[in-house]
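Let's take a walk through this protein together. Have the sequence and the 3D view open, and follow along as we go.

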Amino acid sequence: MFRFTAVQPTLEDYWRSIILFGKNSASYKFALGKALLELPPAHSEIITLDELAEPFAQHICSHLKLADKQGTAPSSQFLEACRTFNRGELTKEELLASTVRLGFGDVIDAFHVTGDPDAVRFYADERSGRKTQLRLTDEFFRLSKQNAAESLSSELEARWRLVETAWELTLPQHVIEYDSEAEQLTVKLEDTHGRRPVTNCRDALNGYQKGKCFYCFTAIVAGTSLGDPVEVDHFFPHRLKPHGLGAPIDGIWNLVLSCQQCNRGPGGKFDQVPGLRLVERLHTRNSFLIESHHPLRQTLMLQLGTSETSRGQFLQAAYDRAKKLLVHEWLPASEDDRAF
Ligand SMILES: [Zn+2]
């Protein structure tokens, strides 16, 4: 099998591994991550739970309005308090008191849980006796100084939308596809034939690509002046849509983020078929999303197959068919250091 190349993880990699690639039983981790990312860079090392309670509860309350299911447990006292607040039947002070008492129970311990003992930690838990505080680490401040907070926050939001949508709609009976006009991932509702937006597609894909072009690894960080603008690209060209590749051409399996140059610059891909090493790279990406319990794993398995071999065979068949129809093969003129 095509092997993933090991690279030294950065602080952003560690943050993403916490937010994007863990298993989720409730969305509290997202709310805590968001509240931390929003802290001003000059914040003191100590943050009390009283102080965290407001942004934390606010994020949960606003997501409850988007999707009522914010966890897999049948009931939660804390979520019930947030719902009551949303109905206007609880004051803000009461909500914050409930948040300090009930909201942080498991999430502070669970946030950093990983099999890697050397993994970076973004805070130390200093709760003991009457002390209810966290101590933010140097790594946290270095991360937030890198100007990464904004794009990490958008990725976190996209992941949260996918997770809560997966819970709410119990995928895989529904298929998430890309609406190229709206640049949204949308869910096709089979019963009504309607479509419903889930999240911004770029943010959802960027967690894996780490701000790099899928084809040439050039920096394409959204929202900064660095690098090229980001484009959502159909790996197998969209013009193959009427010919059928065995799965929807707009499915997440076939979408990557690309720099403008690779997509449609001089020497760009346009309607050519990506070369075999890029097909292998897509195969690795799709398998990675499945193995890392990405919310779209059910959709991917439904479309491509449950085993690595069957997904490989699927991509080989899609490549064969695309090659037969479009004939020309494309590879980027040069590649930066491999990033994933
Ligand atoms: Zn590129």
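**Starting at the tail end**

Ala339 sits in the segment that comes after β10 (329–330). Helices (H or I, at least four residues) and strands (E, at least two) are DSSP runs, numbered from the N terminus. Before going on, keep in mind that this is a predicted model, where local features need pLDDT of at least 70 and side-chain atom pairs count only at pLDDT 80 or more, while totals for chains, interfaces and linings use all residues. Residue numbers start from 1 along each chain, as its sequence is written.

Back to Ala339: it has 16 other C-beta atoms within 10 Å, so it is partly exposed. As for that label, a residue is buried if 20 or more other C-beta atoms lie within 10 Å of its own, exposed if 12 or fewer, and partly exposed in between, with C-beta atoms placed from the backbone. Leaving out residues up to four places away in sequence, Ala339 touches Lys210, Lys212 and Phe217. Touching, or being in contact, means that the C-beta atoms of two residues, placed from the backbone, lie within 7 Å. There is also Ala219, 120 residues apart from Ala339 along the chain, yet their C-alpha atoms are separated by 9.9 Å.

One of those partners deserves a stop of its own. Phe217 has a positive phi of about 65°, although it is not a glycine. You'll find Phe217 in the loop between α9 (201–209) and β7 (230–234), and its 19 C-beta neighbours inside 10 Å make it partly exposed. Another phenylalanine to look up is Phe270, where phi is near 45°, a positive value in a residue other than glycine. Phe270 is in the loop between α10 (260–264) and β9 (273–274), and it counts as partly exposed because it has 13 C-beta neighbours inside 10 Å.

Now zoom out a bit. The protein has 13 helices and ten strands. Of its 340 residues, 38% count as buried. Look at contacts between residues at least 6 apart in sequence, and 65% of them join residues at least 24 apart.

What about the inside? The largest nonpolar core has 79 residues, and Phe56 and Cys82 are the ones with the most contacts inside it. Helix α8 (residues 149–169) gives the most to this core, with eight residues. Domain 1 (11–145) and domain 2 (171–330) both contribute residues, so the core lies between them. A nonpolar core here is a set of buried Ala, Val, Leu, Ile, Met, Phe, Trp, Tyr and Cys residues joined through C-beta atoms within 7 Å, and the domain bounds come from an automatic or database domain assignment. Not counting residues up to four places away in sequence, Cys82 touches Ala57, Ile60, Cys61, Leu64 and Leu95.

Next come some helix pairs. Their axes are lines fitted to C-alpha atoms, over the stretch in contact, and angles run from 0 to 180 degrees between N-to-C directions. Angles under 35 degrees count as roughly parallel, over 145 as roughly antiparallel, 65 to 115 as roughly perpendicular and the rest as oblique.

Take helix α3 (residues 49–66) and helix α5 (residues 92–103), whose axes come within 9 Å and cross at roughly 105°. These two helices, α3 and α5, are therefore roughly perpendicular to each other. On the α3 side the contact includes Phe56 and Ala57, and on the α5 side it includes Leu95 and Leu96.

Helix α2 (residues 28–37) and α8 cross at roughly 165°, with their axes coming within 10 Å. That angle is why α2 and α8 count as roughly antiparallel. Phe30, Gly33, Lys34 and Leu37 of α2 make the contact with Ala149, Leu152, Ser153, Leu156 and Trp160 of α8.

Finally, helix α11 (residues 276–291) and helix α12 (residues 297–304) pack at about 130°, their axes 8 Å apart, so α11 is oblique to α12. Asn286, Leu289 and Ile290 in α11 meet Arg297, Leu300, Met301 and Leu304 in α12.

Our last stop is Arg311, in helix α13 (residues 308–326). Is Arg311 buried or exposed? With 20 C-beta neighbours inside 10 Å, Arg311 counts as buried. Setting aside residues up to four places away in sequence, Arg311 touches His283, Asn286, Ser287, Leu304 and Gly305. His283 is 28 residues apart from Arg311 along the chain, with 7.4 Å between their C-alpha atoms.
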